[in-house]
Number of protein chains: 4
Amino acid sequence: MKAAVLYGYNQPFKIEDVPKPVPKGYEVLIKVAGAGVCHSDLHLWRGELKDIAPPTFPLILGHEVSGVVEETGEYVPPHIKPGSKVIVYWAYCEQDDKYALKGLYQLCSLRAPAGIAYYNGGFAEYMLVPHYRYLISAEGLEDLAAASVLSCAGATAMRSVKKIINEVDEDEYVVIIGLGGLGILALQLVRILTGARIIGIDVKKEKIERAWKIVKLSDYDVLIDASQVDVRRSIYEATGGRTVKAVLDFVGSEKTIETYIDLLSPMGTYVIVGLGSDQSLIPIRKMVVNEISIKTVFYSSYRELETLIDLARRKMINYKDIVEKIKLEDINNAIERLARGEVMYRQVIEF
Amino acid sequence: MKAAVLYGYNQPFKIEDVPKPVPKGYEVLIKVAGAGVCHSDLHLWRGELKDIAPPTFPLILGHEVSGVVEETGEYVPPHIKPGSKVIVYWAYCEQDDKYALKGLYQLCSLRAPAGIAYYNGGFAEYMLVPHYRYLISAEGLEDLAAASVLSCAGATAMRSVKKIINEVDEDEYVVIIGLGGLGILALQLVRILTGARIIGIDVKKEKIERAWKIVKLSDYDVLIDASQVDVRRSIYEATGGRTVKAVLDFVGSEKTIETYIDLLSPMGTYVIVGLGSDQSLIPIRKMVVNEISIKTVFYSSYRELETLIDLARRKMINYKDIVEKIKLEDINNAIERLARGEVMYRQVIEF
Amino acid sequence: MKAAVLYGYNQPFKIEDVPKPVPKGYEVLIKVAGAGVCHSDLHLWRGELKDIAPPTFPLILGHEVSGVVEETGEYVPPHIKPGSKVIVYWAYCEQDDKYALKGLYQLCSLRAPAGIAYYNGGFAEYMLVPHYRYLISAEGLEDLAAASVLSCAGATAMRSVKKIINEVDEDEYVVIIGLGGLGILALQLVRILTGARIIGIDVKKEKIERAWKIVKLSDYDVLIDASQVDVRRSIYEATGGRTVKAVLDFVGSEKTIETYIDLLSPMGTYVIVGLGSDQSLIPIRKMVVNEISIKTVFYSSYRELETLIDLARRKMINYKDIVEKIKLEDINNAIERLARGEVMYRQVIEF
Amino acid sequence: MKAAVLYGYNQPFKIEDVPKPVPKGYEVLIKVAGAGVCHSDLHLWRGELKDIAPPTFPLILGHEVSGVVEETGEYVPPHIKPGSKVIVYWAYCEQDDKYALKGLYQLCSLRAPAGIAYYNGGFAEYMLVPHYRYLISAEGLEDLAAASVLSCAGATAMRSVKKIINEVDEDEYVVIIGLGGLGILALQLVRILTGARIIGIDVKKEKIERAWKIVKLSDYDVLIDASQVDVRRSIYEATGGRTVKAVLDFVGSEKTIETYIDLLSPMGTYVIVGLGSDQSLIPIRKMVVNEISIKTVFYSSYRELETLIDLARRKMINYKDIVEKIKLEDINNAIERLARGEVMYRQVIEF
């Protein structure tokens with residue numbers, strides 16, 4: 001089968017013919033439909049995940065994967081059968097881990113995520129999944145290849161939104177910083193899963209314009225182009241001095257944290273998502289005086305991905321318009337475009 | 001001022017001229033815009049609230065009230081000023097009550113709800129509210145008179161929905177029984193505040209038809225006319241054997257409880273709203289085996305009403321199309337129509 | 001090996017020599033130290049679990065089991081090794097079940113509990129556990145045989161107490177009905193895991209007296225012998241009219257439910273534990289007016305058992321003084337004593 | 001009446017005769033029994049609260065106050081009567097504030113805490129409380145003067161512990177940093193309100209020794225003198241590599257945060273209590289990878305104080321042995337000792 005193989009940090013991916021794996025035991029081989037190119041792939045490529053989940057080269061990347069079951073191992077139950085459309089939950093985990101028992105595979109002790117640390121991923125025609133329990137039904141989705149972005153970008157946005165659902169009342173504001181791949185999905189999820197008022201922020205005019213088109217916002221929701229205006233003042237005017245109760249920060253830079261943590265009202269929650277700054281200064285006293293909390297999100301649980309897929313199935317969220325489809329051969333260009341900040345939302349390798 | 005006065009149980013309301021009250025201290029006089037006729041008014045009229053909140057006759061009923069501030073007592077702060085549009089939170093409560101400290105005025109020890117137990121309500125041109133803290137801003141609402149229904153029907157539906165928000169995942173089903181005034185609002189609220197799949201049920205064809213028009217449901221949501229089909233079978237088919245995780249029962253009869261509690265999957269929640277049956281048989285063992293819970297709802301908290309009003313302000317819920325406007329003089333007819341079950345949603349006395 | 005085998009409902013257990021199983025794959029063979037005789041064993045014996053978890057005869061009962069690892073299958077990881085002291089979590093469950101993902105094995109779709117439905121239990125010298133993930137470390141416990149009671153009685157009490165921990169403030173009362181095996185453990189757990197005031201109730205004088213000795217209660221906690229006094233009046237006097245915020249009902253009869261649900265203050269919670277009455281009448285209106293909830297508990301999660309064992313290890317609960325040790329040969333007598341209500345707490349078969 | 005009056009930052013308190021106030025309306029005059037000298041008093045004295053709650057001089061400090069009702073205003077209900085023993089909840093707040101509705105007076109918009117910002121406190125023979133709703137019954141307490149420390153130190157410790165109760169399982173560890181006034185109370189509260197394992201840390205040998213005497217810890221709980229050992233290593237050894245799930249940091253310095261946030265396992269919670277460092281660096285990426293949260297606590301809610309008092313009434317916590325009683329005339333010395341770090345727990349002015 002054809003695969004994009006990475007032999008070491010900062011090296012070009014090589015498109016090669018490699019043996020098609022044969023599933024045994026609980027394993028399942030899937031024919032890849034779509035494989036998203038994620039910021040984590042860029043981090044891995046640059047060697048920045050070394051301490052978190054060290055890869056073993058040569059490696060086939062691609063943890064954001066949808067596909068169709070091709071062949072199953074002998075212990076796989078019959079409801080997982082060739083032809084089934086599936087999305088891969090990629091945070092592989094020992095089943096008797098304490099966090100696994102809470103459904104939090106992504107936080108278990110021994111982490112071996114697909115396409116990142118040990119197991120090959122989906123930048124290939126076929127992908128071997130080590131256990132059928134990592135497969136979630138993707139039946140009923142309109143665009144299976146595009147839906148691969150639900151698996152990482154979508155699910156992470158989902159968990160981020162879940163972190164603030166009980167913190168924000170319907171007449172309070174949620175600020176979403178960064179309207180790229182995760183942010184645009186979070187914007188949609190906050191709108192359909194809560195009654196809160198929304199302030200979306202980005203520094204690129206075209207992202208603001210696209211967001212208005214993709215998401216059906218409600219009255220009093222606003223989107224702000226932070227490159228054009230003083231955001232603090234704009235927020236004050238937009239809210240009429242009302243309360244900002246939560247911030248979802250998909251940038252996570254020292255600057256965004258410094259700027260926006262100050263806006264929170266008492267009992268406010270600041271959520272930092274993904275691998276932004278290595279460290280940051282925070283205003284302890286101001287936080288204490290108002291009982292401000294900080295939460296963090298890395299990736300999602302199995303159930304969060306599964307329920308998100310159902311929202312997509314029912315067309316409650318739009319994932320199709322945030323995908324640029326590319327070919328496996330474009331992978332090196334895709335990584336470069338990502339590095340240069342040229343990708344508005346998500347690139348997906350379609351097979 | 002003109003008022004509908006009730007002199008005793010089961011007697012006709014008398015339209016009379018009574019003195020217009022003068023607010024003192026913390027009191028506020030409001031010019032009534034709309035006053036909803038609620039099932040609780042019928043219960044009171046029949047003497048069925050005797051044990052819960054005994055009325056003192058003569059009494060002006062009407063606890064579901066919107067209006068405009070007319071005059072304020074000397075201690076009322078300046079932000080409550082003549083001309084302000086307001087909705088009355090009617091569950092008056094001592095401020096040092098333990099439940100008041102949690103914002104649960106509706107559950108406090110000494111209950112003296114407006115228009116029910118001791119204080120006059122809004123079936124009159126003016127209404128004296130005993131403290132400015134019971135007033136919630138209604139600025140920005142399209143139809144102030146109709147919006148009075150938010151105050152009881154709406155707020156109770158809101159609290160009911162809040163009881164299940166954390167119990168139901170996005171790919172699980174909520175069943176809503178009874179699509180009258182409260183049910184049609186709950187149907188809307190479940191749709192905008194959760195990602196759950198919905199099954200709405202009523203025994204009247206026209207309610208099913210109207211519900212499809214009023215509420216923008218998502219794919220896989222269904223509405224069932226229980227007078228035409230076997231509901232259990234219909235639910236099984238609609239869900240494809242999936243899970244019913246919560247039931248919101250706005251009927252609360254022995255029959256609905258018996259029928260629908262059986263449908264719940266493990267950890268399922270059955271919510272009984274309002275004054276239905278006096279008592280009911282429940283299947284303890286079946287519940288235990290699946291850890292089924294029962295929750296109950298009577299009325300809402302202050303914040304639940306306040307946040308609901310904000311949803312109406314932002315046009316996220318439709319309250320206008322569920323109101324039939326009537327005149328104060330129609331009150332006796334209104335109560336009779338309610339008793340005969342002829343009211344689809346809510347009647348509101350408009351001034 | 002020697003085992004007590006049951007060949008059908010209401011038949012005497014036969015003490016027989018049966019083949020000692022050999023563990024394969026993920027299986028583990030344990031040498032039984034203690035096996036508790038549970039009310040569920042009596043229910044099973046009488047045929048009352050037929051609809052819940054139908055047994056396949058001949059069957060070795062005994063789901064409440066502690067022991068020492070004797071031999072392991074080839075896939076069992078090395079930290080589970082011969083000589084390890086363990087307690088069995090007996091609610092076996094498919095690992096990809098939705099409830100398993102939340103750690104709620106006991107609520108999964110296909111239930112095959114050890115010693116009840118399909119797999120043999122611990123009324124035998126050895127017990128074959130089908131997967132190593134059902135074993136929890138019991139190192140550091142003073143009396144391994146007696147500690148078997150943690151596995152069902154203890155864990156169920158644990159989950160019951162967890163159901164009310166967030167419902168009761170420190171100055172509010174919890175009523176515990178029935179101070180037998182589960183109740184005496186719940187009494188201890190409420191005392192060490194919450195600051196709530198406690199009212200313990202039983203109808204047997206000796207249970208009241210023993211409870212005072214076993215549990216170190218705090219000032220204002222009371223134990224009431226309901227056979228001697230009017231319990232409602234006693235509770236009123238004991239609390240000085242304060243609030244009963246939760247009831248843990250380990251009897252679950254129509255009478256206890258009727259008597260005690262009335263005592264709850266607004267937002268009160270009534271927890272029914274285990275297989276009591278088949279059905280019961282509940283006062284819907286009274287519940288609605290005060291937003292009373294009913295919760296139910298059947299058995300516990302894996303983590304609840306694991307954390308309970310740690311409380312026992314640290315001597316925060318006393319399980320030793322509630323165990324009467326018996327021999328395997330006494331099993332028929334033990335079941336009869338249970339049926340006649342002669343067992344104060346728990347009987348454990350010691351090997 | 002005799003009072004200690006402060007005329008400006010960094011000036012000595014003057015013991016003067018000032019007019020005894022006369023309560024009107026909802027006001028209550030209490031005869032002070034005990035008034036604790038708090039770190040906030042030192043902060044205020046140094047001018048460090050200027051931005052948080054600016055004082056108006058001359059001011060009588062003392063927000064941690066117990067006493068006996070002396071006289072009541074005309075609107076005060078009869079259950080608040082001369083002779084009643086009370087503790088003052090000092091975070092005065094407008095009753096229609098959004099946070100007041102949740103019982104979170106301490107987080108309301110306009111903060112005017114007793115003895116800090118506008119209203120006089122309890123460093124005087126009598127104290128005028130502006131509304132009877134700020135008084136909590138202190139009947140049944142053994143030492144009313146000493147119990148004043150519950151009002152600030154105790155209540156803040158209580159809220160801190162509440163922040164982690166649902167985050168820590170019984171077999172997981174809580175680290176408590178700083179075993180002074182708040183820490184020693186938190187140590188007790190974690191022990192009686194949770195089943196978690198505890199690691200207490202301080203840099204003074206005598207605090208470690210006293211803590212062992214004051215608190216009845218359970219097996220596997222440890223106290224570490226951080227001045228003598230490498231704390232990280234000691235924690236690793238004490239836990240046997242087990243999980244630290246929460247940290248309660250009563251020091252809140254850059255150093256404690258840096259040292260201990262690293263110890264948290266996935267989903268761990270770091271709670272910073274009170275006015276420590278102005279700002280601090282935090283390791284964002286490490287936190288994200290493990291979903292670590294930071295929570296902060298300033299002061300408590302009304303109910304948290306009320307329920308804590310009930311724990312003291314029932315002798316579940318020891319507050320008496322952490323109090324050094326002083327005279328009003330000693331106030332300047334007391335502030336100096338506090339500044340020099342010579343006070344082990346709390347000083348209370350007794351009248």
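User: How many residue pairs are in polar contact between chain D and chain C?

Analyst: In this predicted model, the count is 19 residue pairs in polar contact between chain D and chain C, both residues at pLDDT 80 or more. A polar contact is a pair of N or O atoms within 3.5 Å; within protein, one must be able to donate a hydrogen and the other to accept it, and residues adjacent in sequence count only if both atoms are side-chain atoms. Local features need pLDDT of at least 70, whereas totals for interfaces use all residues; residues are numbered from 1 along each chain.

User: How many salt bridges does the rule find across the interface of chain D and chain C?

Analyst: A salt bridge is a side-chain nitrogen of Lys or Arg within 4 Å of a carboxyl oxygen of Asp or Glu. The rule finds 12 across this interface. One of them joins Asp219(C) to Lys315(D), with the closest N and O atoms 2.9 Å apart.

User: What area is buried between chain D and chain C?

Analyst: The size of an interface is often given as the accessible area lost when the parts come together. Here the buried area (accessible area, 1.4 Å probe, lost on being put together, summed over both parts) is about 2,200 Å², and carbon and sulfur atoms give 40% of that area. Glu170(D), Asp171(D) and Arg314(D) supply 28% of the area that chain D buries against chain C, more than any other three residues.

User: How many residues of each chain are in contact?

Analyst: Contact means heavy atoms within 4.5 Å. By that criterion, 28 residues of chain D are in contact with 28 residues of chain C.

Conventions
Chains are lettered from A and ligands numbered from 1 in the order in which they are written. Side-chain values use heavy atoms; hydrogens and water are left out. Buried area is the accessible area (1.4 Å probe) that two parts lose on being put together, summed over both.
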